[in-house]
Amino acid sequence: MSKSIDQRPLAKGRGAITNDSSNRFNLPSREMDGDWLDDCRLIDDPVKLRTEITSEFPRSIINFNSSPDLPFDRSINAYRGCEHGCIYCYARPTHAYYDLSPGQDFETKLFTKPNAAELLLQTFAKPSYQPAPLAIGTNTDPYQPIERQFRITRAILEVMFQTRHPVGITTKSDKLMDDLDLLSELAKLQLTAVAISVTTLNPATARLLEPRAPSPSKRLAAVERLRIAGIPVHVNIAPVVPAITDHELEDIVKISAEKGAQSVSFIPVRLPHEVAPLFEEWLEAHFPDRKDKVLNIIASMRSGKRNDPNFYSRMRGKGPWADLIRTRLKVAASKHGLNKGRFELRTDLFKRPLVKGSQMELF
């Protein structure tokens, strides 16, 4: 039986309260034993979870999709799991496929793909491959803290520049400024655009929602530096959490415009599979006074449920609350000149690479 929230010590700097699972894939519950919990109460320091990193070597690296509500049909993820620890992350359930918990395992047991750039070159070299904008950061953040050590995202961008392949980046980290040189060169060729996620302007709220992500001020500073460097930049207010962050919508739009963003969008919070109970635990721990209100509003935007997996509505929400947020964003975006369309990236510059050992090397 799960222990109540007040019996669990909070792990400092982590988003999930527990490491339990829903047993969707017969995953055993990772619950702390009672003796350990008793001993923990005798010390002042909160639970400290260490990050574990494992390298994996997949056979393919591009994920193709046919979703009609996504502006791209292919993506790449350099990492699995994310140390940012965002409690609302819809990618958390993917850890369950590997007998790991979508809770604290997702943010402490990380996987790297060191051969990502090599696989990408091999894919691009195939005669059947046709270029189209490739999205980075749609599942886990390409600039989470371990990127500074492994530089896999950097290697991927180098392949993009070498082959003149278009790439879009989504991140909630200012660490992408480490690659400003590459991004600038790609932007000169109309081969890249960046989306920065900003959930809240309140540092205290950000520390609870996304404990190991850079502060909102650092992300907005990155928006400004990107624009000065001539890189197209979009701000995605994602997710909007009703009764916790939705009141900041207009302020985020205003400061995004001031920093040079060219467009803005929003996505209401999504709670698929194990994310729903994890988010409910998080609310109980940090916002018990408004827990029911938050969950009820989310249900009102998701056809009475915690999550709506249907195309289009999953990204937009439905009902009066979703309509109100959408109208507020439209008005604020128009007021500050952020109602522009999508960024168009070029595909006609693509140069198919020569991979060692391929038949094309003979010519």
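Trainee: Which class does D73 fall in: buried, partly exposed or exposed?

Mentor: This is a predicted model, where local features need pLDDT of at least 70 and side-chain atom pairs count only at pLDDT 80 or more, while totals for chains, interfaces and linings use all residues. Residues are numbered from 1 along each chain as its sequence is written, and side-chain values use heavy atoms, leaving out hydrogens and water. Relative accessible area (1.4 Å probe, protein chains only) sorts residues into buried, under 20%, exposed, over 50%, and partly exposed in between. At 31%, D73 is therefore partly exposed.

Trainee: Which residue forms a salt bridge with D73?

Mentor: A salt bridge needs a side-chain nitrogen of Lys or Arg within 4 Å of a carboxyl oxygen of Asp or Glu. The closest N and O atoms of this pair are 2.7 Å apart.

Trainee: How is α3 oriented relative to α5?

Mentor: Helix α3 (residues 116–125) and helix α5 (residues 152–163) pack at an angle of about 25°, with their axes 8 Å apart. Angles under 35 degrees count as roughly parallel, over 145 as roughly antiparallel, 65 to 115 as roughly perpendicular and the rest as oblique. So α3 and α5 are roughly parallel.

Key. Axes fitted to C-alpha atoms, helices over the stretch in contact; angles between N-to-C directions. Helix = DSSP H or I, 4+ residues; strand = E, 2+ residues; numbered from the N terminus.
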